[in-house]
Amino acid sequence: SGSLVVPGQYLCPSTENYTVGGGTYLRGDSIYSSLTGFLDFKNDDKEIIVEVNKGFERSIVPGVGDIVTAKVTNIRRRYAKCSIHCIEDTVLPEPFRGILRKEEVRMKERDKVEMYKCYRPGDIILAKVSSLGAMHSYNLTTAEDELGVSLALSEAGAEMIPTSWTEMMCTKTFAKESRKVAKIVPQNFTQKNFAKFQQGMDV
């Protein structure tokens, strides 16, 4: 752990106890590095996740249970694609990929969830990392009341404000749109942060 490795370098055998993480890939029965960085072994319950992290990013990677700020980039019937830009209060040098599945949107009536009535592309959401996903992505959940949309633009392009925990209103047209609204909006999430997400973090 902590050793500098390069792309294609053999790291360790893939067993029931060792699994691929960020910056690694599986070939045959072995785990290899996919980038130049520092080798790290992360304990996750009964298995060890093998990761390679780039220099200053080595300790800034999402972990299970972390609260993250993400931007919704694409909505499908059963899931939403997201780009993760912050872990807690730390802004990441580069975004990570996140997947929010229909079953993880809310606690109750999960089978009745309609993704487009909960989230829209461009929404800034608070979510929790539930597990490590495939292809170096992270599975997210917003099932808790405190998680969900924190900032959003309306169809008219104006900022929206919550009117309930299931609706937000356009400050320009006063039209209402359905959302899964976070019940606690972070105090340090200012208009400046919002503009940064909308203008400089398109992926």
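**The salt bridges around Arg120**

Mentor: In this predicted model, Glu177 and Arg120 form a salt bridge in which the closest N and O atoms are 3.6 Å apart. Glu177 belongs to strand E16 (residues 176-178), whereas Arg120 sits in the loop between H1 and E11, so the pair ties together parts that are 57 residues apart in sequence. Glu177 counts as buried, because its relative accessibility is 9% and the cut-off for buried is under 20%. Salt bridges that share partners join Arg120, Asp123, Glu155, Glu177 and Arg179 into one network.

Arg120 itself counts as buried at 12% relative accessibility, while Glu155 is exposed, with a relative accessible area of 66%.

Ser131 stands opposite Asn139 in E12, and the hairpin of E11 and E12 has four residues between the strands, with Met135 taking a positive phi near 55 degrees. On its other pairing, E12 is joined by four bridges to strand E10 (residues 90-101), in this case running parallel, and the bridge partner of Gly98 in E12 is Tyr138. Five of the five residues of strand E12 (residues 137-141) are buried, so the strand is largely enclosed by the rest of the structure. Both of its faces are covered, with Ser137, Asn139 and Thr141 buried on one side and Tyr138 and Leu140 buried on the other.

The salt-bridge count for the model comes to nine, and one of these salt bridges lies between Glu51 and Lys42, with the closest N and O atoms 3.7 Å apart. Glu51 is buried, with a relative accessible area of 2%, whereas Lys42 is partly exposed at 24%. Strand E6 (residues 37-44) and strand E7 (residues 47-53) run antiparallel and are joined by seven bridges, among them one setting Phe41 opposite Val50.

How values were computed: Residues numbered from 1 in each chain as written. Predicted model: local features only at pLDDT ≥ 70, side-chain atom pairs only at ≥ 80, totals over all residues. Heavy atoms only, no water. Pairing = 2+ DSSP bridges. Helix = DSSP H or I, 4+ residues; strand = E, 2+ residues; numbered from the N terminus. Buried < 20%, exposed > 50% of the residue type's maximum accessible area, 1.4 Å probe, protein only. Salt bridge = Lys/Arg side-chain N within 4 Å of Asp/Glu carboxyl O.
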